[in-house]
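Hi,

Here is the structure I promised to pass on to you.

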Amino acid sequence: MQTDSAVVKDTVTSKKVASDKLLLKVEDVSMHFGVLAALKGVSFSVPKGNISVIIGPNGAGKSTLLKLISGLLPLQQGEIWFKRHRLSRVPPHRISALGITQLFQDVQLFSNMSVIENVMVGCHLRTRAGFLSAGLRLPQAQANERRILKRAMSKLSLVGLEQKAWDNPASLSWGQQKLVGLARALATGSEVLLLDEPYSGLLADEISKLNRLIIKLQRQGITILIVEHLTDVLMGIANQVIVLDYGEKIAEGTPDEIQHNKLVIDAYLGSG
Amino acid sequence: MRMKAFREIRSKMSSVKLQNRVVALFTLVMMTIPLGIGPYPISVMVDVGLYSIVTMGIILLMGFAGQISIGHAAFFGIGAYTSAILTTHYQVSPWLALFLGTVISGGIAAAIGRAMFRLHGLMLAGITLAMNLVFYHLVSSMVNITGGAMGLMNIPPLMLGGFNFSRSFLTYYMVWIIAIVVLGFSLNLADSQVGRVLRSMNIHAGGSENAAQVLGINVTRYKVQVFAISAVYASIAGSIYAHHARVVEPGTFFIPFSVMVVIMAFLGGLRSPWGAFLGAGLMIGVRELLWEIMPVFVTGITGAYELIAYGVILVLALLFLPRGLISLVGKAFTKRRAVV
Amino acid sequence: MDFPSALQIFISGVNLGAIYTAIGLGFFIIYSVTRVINLAQGDFVMMGGMLTVSFYNMGIPLIPSIIPAVVITGLAGAGLYRFIIYPARRYSRLTRLLLTVGFVFAVQGVALLIWGWDFRGLPAFFNTPSIQLWGATIFGQTPWVIGGMLVMVTGLFFFFGRTIQGKALRACANEPLGARTVGVNIDRMALYSFIMAAGLGAVVGAMITPLTMTSYNMGWPLTIKGLLAAFVGGVNRAEGVILGGITLGMIEAATAGIVPGGYHNVIAPGILIVVLLLRPHGILAIVGKE
């Protein structure tokens, strides 16, 4: 449990950090699917404003971890803290309201609406749209719509796709779809973004574009937790790297430290 | 870049205006029709109107929120019986009774909705079916209150101002004014953020419940709210039906009715509340035509050939119009808009 | 409660349960292979009953009358699949469900045409008389219903569990892709499932007509009963359907005597609601196989 504004020793990295700077704290989290243990006693903390990356070989439990944080999977063992809130048994939409949103690996854009409408759905948390005021077309509902459209457009511009606003999502390239998904996630105004393998399927120029975007977002104060496979790309921009293997955390540190960590090298190249 | 987006927005706005004009035209047409037709067609149109109201609720529930209900006759029945009982046994004003009916329907829908929507697809359909059955059998059994299988009779007609709505002519206007108001409300919902959010949750139409949830959308709450609204629509129609038919008996509020409104929603088109009118118009139109025309061509047991033809037409319509009649109507009327 | 009444209720319960189960199994067969909810199942039962009556009235002895009745109903089932369901194979499941409703209308229309509004009856098989057993009255037909049902269930278990064809049918339901890989013709299997369900329904119809009579529109209440049994037990396990059917039958029989008026009809759907809320897939269903 974190105490107020004191200087504490981060139990994980043993570095001294102001406790109110630790945004997200994962404590001893384990997860079983039947007999299969997907995660075993994983602990780490993410300071505010970080770009933190979770890497590890396939099946290491990385996606599961993200789903536990965003609430799509129920927490079986351990605790997850976000600021002062305990995230067990909290439904995903409440977690989102608290400030954490996720971008899925397959994005899952809504194919029954245009690109801009997808992003507008993301603005949901920023509106007070009720059934009654919407159905009666009250002035506040109309103003709401205008506001949402404006906000959605600005997020879409941020990722550089405002030209595609009225297009069908299916007509976009995969890389563009990912960017729309990102814009949609950004529309929520969340301070923490969970990105599940955002680079998968992207072309080289799209990768660097995404990198630049992520850094830009960090400068805007957003904390980003990325689960990824492609390690080289991220080593350049990450502040913190956490390595999972077979559901356990085997290493944590700066990109530099990780790249020279024997355990990590073994896990990726060795015995497996 | 910006200019293009601006132009796009302008074209969307004109399609909003277009829809407004269509609604106005529709209203004009529906209001003038009774002047040119006799009492029997008017009474048929009253049926179309009532079914349309219920079906609009189903379209919001199925087409937008992506949930199914094959038990909505129960809500239609709650409205009808509440009005019938309160006005015959307790001399309550019909309008108050109608209002109370909607409160009860909406309340029950909200109460059971939370538990209900933990289920999906087949099982959800099953529980709505069970709900209809429970209603039907309860109403059939509570003989003292509901008249049991025989039902209630001599329900007073609606009164408004000096007008006595016992004539179909006036009931027609009341039904269709309400139907158009409900249409307006539903269209507004559909084109608003609410409609957008509903579509985003609808896994049968390209949405994703998970994606919606991580964006902060309380999926269950939306499902329940739409369910409650559809219950209210059905209840309103039910109350009016009670005063129009002057008789209520349990058989009307059973599975065939529930399935019929689903068929109407489906054949009309789930993509827009307009589909309700198309579907109701189609099914009732076909029914009336068959019952009128068939006896001319074939003499035989009344109802037999009509039933057969009805079934055949239904099958053909489903096979050839999988997206409903609305897919035949031009894109201009149903294009998704994002602007007010 | 005295023993005769209890026995009467028990017998009535088994009887009802047998009927629920048999119809539910008809659903199950079609649903498990094709994922179609066949709302015409009750009308297959009606057809079986009505056709048997017709053939019997033509002078053919009772039991042999069942055979043409089953054949014709089976053909109807085949027609339903071939001309109505198969063309819609790429449409949504809801569409296929609604298509069976269209079929229901058409079938009821034909039935109305041929047999009119009347109720038709049959004597009990082999003219078995009602017997008195320990104070309870058992109608002559009841043992045939129960016995027939047992035979049916055993036969189905054997068929689905032991024979190649049965296993092929199950494979289609569980793993269509895998089934195709080993050469199973899914289309053919689907057709067979419809024919089987129709035939079974017809047999049920013939069996229960001596007890309950048939009329052109008795399909609906039967369909609903079968649906309830299947849902309560869990649509994707045959054992579930049987359990659901027997349970519903027993409870309905038990409450019919005790509960006044028509309230006992509320019990069956009420149970379904409770079951679905507690176990969203039905009592015995395998979770994750929907």
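**A covered strand in chain A**

Let's start with strand β5 of chain A, residues 51–55: five of its five residues are buried, so to speak a strand that is mostly covered. Keep in mind as you look around that this is a predicted model.

Which residues of β5(A) sit on one side, and which on the other? I51(A), V53(A) and I55(A) are on one side, while S52(A) and I54(A) are on the other, and all of them are buried. That leaves both faces of β5(A) covered. The pattern is one you will meet again: side chains in a regular strand alternate between the two faces of the sheet.

Now for the strands that β5(A) pairs with. Strand β10 of chain A (residues 223–228) runs parallel to β5(A), and five bridges join the two. To find your way there, look for I54(A), which stands opposite V227(A) in β10(A). Strand β11 of chain A (residues 240–245) is joined to β5(A) by four bridges, and this pair is parallel as well. Here the residue to look for is I55(A), with V243(A) of β11(A) standing opposite.

**Two domains in chain A**

Zooming out, chain A is divided into two parts: domain 1 covers 1–99 + 192–272, and domain 2 covers 114–189. Where they touch, domain 1 of chain A puts in nine residues and domain 2 of chain A puts in seven. On the domain 1 side, the elements giving two or more residues are α2 (92–98) and α7 (204–219) of chain A. The residues on that side of domain 1 of chain A are six nonpolar, two polar and one charged.

**How the chains meet**

Which chains share the most contacts? Of the two pairs of chains in contact, it is chains A and B. Chain A and chain C, on the other hand, have no contact joining them, and their closest C-alpha atoms are 14 Å apart.

Then there is the contact between chains B and C, which takes 37 residues from chain B and 38 residues from chain C. On the chain B side, α5 (121–141), α11 (255–268) and α13 (304–320) each supply at least two residues. The helix α5(B) gives the most to that side, with 14 residues. Sorted by class, the side of chain B that touches chain C has 28 nonpolar, eight polar and one charged residues.

Note on methods
Residues numbered from 1 in each chain as written. Chains lettered and ligands numbered in written order. Predicted model: local features only at pLDDT ≥ 70, side-chain atom pairs only at ≥ 80, totals over all residues. Domains from an automatic or database assignment. Nonpolar A, V, L, I, M, F, W, Y, C, P; charged D, E, K, R; others polar. Buried ≥ 20, exposed ≤ 12 C-beta atoms within 10 Å, placed from the backbone. Pairing = 2+ DSSP bridges.
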